[in-house]
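Reader: Hi, I am new to this one and would like a careful walk through it. Could you show me what we are looking at?

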Amino acid sequence: MAWRIQVLRGILMVWVWMAWSTCASKAAGTCKRTALGVAAAAAGGSALGTLPHQIVRVFALEGFILGLAGAIAGVVIAVGASLFFSVAGIEMPPPPGQSVGYPLYVNTSAELYATTALTVVALSVTAASRAALRTSLTR
C-alpha cells in the first residue's frame, strides 16, 4: 500500500511540474514576442536585419521542437499511466444493478497516441508561426 502512495505522490509532483512549466513557457513566449515586436518596429519591420519570413521560420522551428518534445513526453506519460493502471489490479465499483465489481482495464491505441501527438505538433507550429508572422509584420 505504501508504494501506491509513493507512486501517486510522484504523479502529483509531475503534474504540478508540468502545470508550472506551462505557465512559465507561456510567460516566456509573451516576453519573447513583445521583445521581438519592439525590435521589429524599431528596425522598420526587421529585427537586426532579419527578414520577416526568417523570423517566422525560426519561430516555427521552435514551435516544432517544443511541440515534439511535449508530444513525446505526453505519450510516454500516457502509456506509463495506462500500463500502471492495468497492472495495479484496481477494482472498479459494481455498475448499477450488479453486486460484483470488475478490474480496471485501460485500452491503449497506438493510432490514437500518434494522432494526438501529430495534432499537438501541428498546433504548436501553427501557433508559433502565427505569433511570429503577426509580430514580424508590426510596424
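Predicted model: local features only at pLDDT ≥ 70, side-chain atom pairs only at ≥ 80, totals over all residues.

Reader: How many helices and strands does the protein chain have, then?

Author: The protein chain has three helices and two strands, and from the N terminus on the elements run in the order α-α-β-β-α.

Reader: And how many of the residues count as buried?

Author: Of the 139 residues in the protein chain, 18% count as buried. The accessible surface comes to about 9900 Å², and 73% of that belongs to carbon and sulfur atoms.

Reader: Let me switch to helix 3; how many residues has it, and how far does it reach?

Author: Helix 3 covers residues 110-136, which is 27 residues, and it reaches 39 Å from its first C-alpha to its last, close to the 39 Å expected at 1.5 Å a residue.

Reader: Which residues of helix 3 are buried?

Author: The buried residues of helix 3 are Y113, A117, V121, A128, S129, A131, A132, T135 and S136.

Reader: Why does S129 count as buried?

Author: S129 has a relative accessible area of 17%, and because the cut-off for buried is under 20%, S129 falls on the buried side.

Reader: What lies around S129?

Author: Leaving aside neighbours within four places in sequence, S129 is in contact with V56 and A60.

Reader: Moving on to Q54, where does it lie, and is it buried or partly exposed?

Author: Q54 lies in helix 2, which spans residues 52-87, and with 31% relative accessibility Q54 counts as partly exposed.

Reader: How far is Q54 from S136?

Author: Q54 and S136 are 82 residues apart in sequence, while in space they are 9.4 Å apart, C-alpha to C-alpha.

Reader: Last topic, the surface: which residues form the nonpolar patch?

Author: The nonpolar patch on the surface is formed by L61, F64, I65, L68, I72 and V76, which together have about 550 Å² of accessible area. One of these residues, I65, has its place in helix 2.

How values were computed
Residues numbered from 1 in each chain as written. Heavy atoms only, no water. Helix = DSSP H or I, 4+ residues; strand = E, 2+ residues; numbered from the N terminus. Buried < 20%, exposed > 50% of the residue type's maximum accessible area, 1.4 Å probe, protein only. Contact = heavy atoms within 4.5 Å. Expected span 1.5 Å × (residues − 1). Areas by Shrake-Rupley, 256 points an atom, 1.4 Å probe, with all protein chains shown as cover. Patch = residues over 30% accessible without salt bridge, like charges linked within 9 Å, V, L, I, M, F, W, Y side chains within 5 Å. Salt bridge = Lys/Arg side-chain N within 4 Å of Asp/Glu carboxyl O.
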